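Open the model in your viewer and keep the sequence panel beside it. The stops below go from one selection to the next.

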Amino acid sequence: MSTGRAESADRQQIGREAIVQREGLEVLRLIVAAGSAVPEHHASVDVIIVVVSASGIVTVAGEPRRIGRGDVIDMAPAVLHAIVAEDELMLVVVKARLAT
């Protein structure tokens, strides 16, 4: 069980900058400090993650996978995912409702 204080400290280890925000599209730059994690969560839209630098582990639908510079992760809506940074990890995250 985590406290509000621990959750606040975790959030400080994750930098988030909006690059593009408009209806139906959000592009973010996410920087996760070495040793920090983005807890398991899901999005209501499609998510594409592009690894810009460093390495870590992404878990998608319960399956862990090592990621590094240049990797692309594509997820459908409602898929649970989490990220652990081994080094300071820079990601570009695209959230959009993609046509099927």
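Select H81 and show its side chain, which reaches the backbone oxygen of V79 at 2.9 Å. The model is a predicted one, so read this distance as a computed value. H81 is found in strand β8. With a relative accessibility of 4%, H81 counts as buried, because the limit for that label is under 20%. Beyond its neighbours within four places in sequence, H81 is in contact with P39, E40, H41, H42, A43, T59, V60 and M75.

From that list, pick H41: H81 in β8 is its bridge partner. Now select the two strands, β3 and β8 (residues 81–85), which pair in the antiparallel sense over three bridges.

Stay in β8 and move to V84. Is this residue buried, partly exposed or exposed? V84 is partly exposed, at 40% relative accessible area. Apart from neighbours within four places in sequence, the contacts of V84 are S36, A37, G56, I57 and L89.

Next, colour the whole sheet around these residues. Four strands form an open sheet in the order β3-β8-β5-β6, with antiparallel pairing. The edges are β3 (37–41) and β6 (63–68); each has a single partner strand, so one side of each is left without a neighbour in the sheet. Ignoring direction, neighbouring strands here are turned by 20° against each other on average.

R66 counts as exposed at 53% relative accessibility, whereas E86 counts as partly exposed at 36%.

Now turn to the other sheet. An open sheet of five strands runs in the order β1-β2-β9-β4-β7, with antiparallel pairing. Its edges are β1 and β7 (72–75), each with a single partner strand, so one side of each has no neighbour in the sheet. The twist from one strand to the next averages 15°.

Start at β1 (residues 14–22) and β2 (residues 25–32), antiparallel strands joined by eight bridges. Q21 stands opposite E26 in β2. Two residues lie between the strands of this hairpin, and G24 takes a positive phi near 85°.

How many salt bridges does a search of the whole structure find? The search finds three. One of them joins the side chains of E26 and R16, at 3.3 Å from N to O. E26 is in strand β2 and R16 in strand β1, 10 residues apart. E26 is buried, with a relative accessible area of 17%, whereas R16 is exposed, with 55%.

Select R29 and E17 for another salt bridge, at 2.5 Å from N to O. Here R29 belongs to strand β2 and E17 to strand β1, 12 residues apart. R29 is partly exposed, at 28% relative accessible area, and E17 counts as partly exposed at 42%.

R29 also leads across the sheet, where it stands opposite V92 in β9. β2 and β9 (residues 89–96) pair in the antiparallel sense over eight bridges. For the last stop, select β4 (residues 46–53) and β7, an antiparallel pair with four bridges. There, I49 stands opposite I73 in β7.

Key: Residues are numbered from 1 along each chain as its sequence is written. This is a predicted model: local features need pLDDT of at least 70, side-chain atom pairs count only at pLDDT 80 or more; totals for chains, interfaces and linings use all residues. Side-chain values use heavy atoms; hydrogens and water are left out. Two strands pair if DSSP finds at least two bridges between them. Axes are lines fitted to C-alpha atoms, for helices over the stretch in contact, and angles run from 0 to 180 degrees between N-to-C directions. Buried means under 20% relative accessible area, exposed over 50%, partly exposed in between (1.4 Å probe, protein chains only). Contact means heavy atoms within 4.5 Å. A polar contact is a pair of N or O atoms within 3.5 Å; within protein, one must be able to donate a hydrogen and the other to accept it, and residues adjacent in sequence count only if both atoms are side-chain atoms. A salt bridge is a side-chain nitrogen of Lys or Arg within 4 Å of a carboxyl oxygen of Asp or Glu.
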